[in-house]
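Subject: Structure handover

Hello,

Here is the structure I promised to pass on to you. Please open it alongside this message, and then read on for what turned up in it.

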Amino acid sequence: MRLLLVEDHVPLADELLASLARQGYAVDWLADGRDAAHQGMNEPYDLIVLDLGLPGRPGLEVLQEWRAGGLVTPVLVLTARDSWAERIEGLKAGADDYLTKPFHPEELALRIQSLLRRAKGLANQPQLKAAGLQLDEGRQCVSRGGEEIQLTAAEFRLLRYFMLHSGQLLSKSHLAEHLYDGETERDSNVIEVHVNHLRRKLGREVIETRRGQGYRFTGEGQ
């Protein structure tokens, strides 16, 4: 899953970037509201974490512009001010969730997981489940029928994306855009390698190949 973090406080941004990377997210970081307004509308993010107190342009104004422009990406708003009025303003502007500083990185991680599941119609699932598989996001592993299957970090990222988009046809270029940040070279051949690794671990039929189109997660492994 590819996230955009918009936060101008460098020590906090560094902490969050490291924490989110450990959880298997590809994260782009911006510190200015003007840059965020443009990039948020033009890059395929799965979720945006937006600080309201930004240089350049206020975060609330950026959020309002995104929503007015038709952006439906989930947005989690951060603020250092614990004000009911500001919470209401943020929600009215289109924020999907709200987190007041200071906060623990683990709370942010859980809120992100919840928002991503909600965006895919899986809000009632405390854990990510699809087609008989149960994904443990904390330990980055998957189980089927009580049997645990260990995954590499890259396999975990890919499987999580497939499970959040179960049954959908996903091209290699689409997967690369959502699994790597803007600074990483995107090689669609690497996606094919990781798909083959998942098939060996979960069963050949778990991911269907549509020649010339991409992949579809079915979960019908052995």
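Which element gives the largest share of the lining of the second largest pocket? That would be helix 8, with 3 residues. Before going further, please keep in mind that this is a predicted model.

Let me stay with that pocket for a moment. The second largest pocket has a volume of about 150 Å³. Its lining is made up of Lys172, Glu192, Asn196, Arg199, Thr209, Arg210, Arg211, Gly212, Gln213, Gly214 and Tyr215. Two or more of the lining residues come from each of helix 8 (188-202), strand 11 (207-210) and strand 12 (214-217). Sorted by class, the lining of the second largest pocket has 5 charged, 5 polar and 1 nonpolar residues.

The domain assignment of the protein gives domain 1 (2-120) and domain 2 (129-217). The C-alpha centres of domain 1 and domain 2 are 25 Å apart. Where they meet, 15 residues of domain 1 are in contact with 16 residues of domain 2.

Next, the nonpolar cores. The largest nonpolar core has 46 residues, and Ile112, Leu159, Phe162, Leu175 and Phe217 are the ones with the most contacts inside it. Helix 6 (residues 153-164) gives the most to this core, supplying 7 residues. Both domains take part: domain 1 (2-120) and domain 2 (129-217) each give at least three residues to this core. Setting aside its neighbours within four places in sequence, Ile112 is in contact with Leu3, Leu20, Tyr25, Leu47, Val49 and Leu76. Another core, of 19 residues, lies apart from the largest one, and Val6, Ile48, Val75 and Tyr98 are among its members.

On to the largest pocket, which has a volume of about 250 Å³. There are 17 residues lining the largest pocket, and Gln23, Ala109, Gln113, Glu137 and Gly138 lie nearest its centre. Helix 1 (10-22), helix 5 (105-119) and strand 7 (133-136) are the elements that give two or more residues to this lining. Helix 5 has the largest share of the lining of the largest pocket, with 6 residues. The classes here are 6 nonpolar, 6 polar and 5 charged residues.

The largest cavity contains about 50 Å³ of space. Ala154, Arg157, Leu158, Leu179, Tyr180, Ile191 and His194 form its lining. Helix 6 gives the most to the lining of the largest cavity, with 3 residues. By class, that lining has 5 nonpolar, 1 polar and 1 charged residues.

The second largest cavity holds about 40 Å³ of space. It is lined by Gln113, Leu116, Arg117, Leu128, Glu137, Arg160 and Leu164. Helix 5 and helix 6 each supply at least two residues of this lining, and the largest share, 3 residues, comes from helix 5. The lining of the second largest cavity divides into 3 nonpolar, 1 polar and 3 charged residues. Why does the second largest cavity lie between domain 1 (2-120) and domain 2 (129-217)? It lies there because both domains give residues to its lining.

You will find Gly69 in the loop between helix 3 (59-68) and strand 4 (75-79). Gly69 counts as partly exposed because its relative accessibility is 47%, and the band for that class runs between 20% and 50%. Although Gly69 and Met41 are 28 residues apart in sequence, their C-alpha atoms are 7.9 Å apart in space.

Happy exploring, and do write back with any questions.

Best wishes

Definitions and conventions. Residues numbered from 1 in each chain as written. Predicted model: local features only at pLDDT ≥ 70, side-chain atom pairs only at ≥ 80, totals over all residues. Heavy atoms only, no water. Core = buried A, V, L, I, M, F, W, Y, C linked by side-chain atoms within 4.5 Å. Buried < 20%, exposed > 50% of the residue type's maximum accessible area, 1.4 Å probe, protein only. Helix = DSSP H or I, 4+ residues; strand = E, 2+ residues; numbered from the N terminus. Domains from an automatic or database assignment. Contact = heavy atoms within 4.5 Å. 1 Å grid on protein atoms, 1.4 Å probe; cavity = no way out; pocket = protein on both sides within 12 Å on 5 of 7 lines; lining within 4 Å. Points joined across faces, edges and corners; volume = space filled by probe spheres on them. Nonpolar A, V, L, I, M, F, W, Y, C, P; charged D, E, K, R; others polar.
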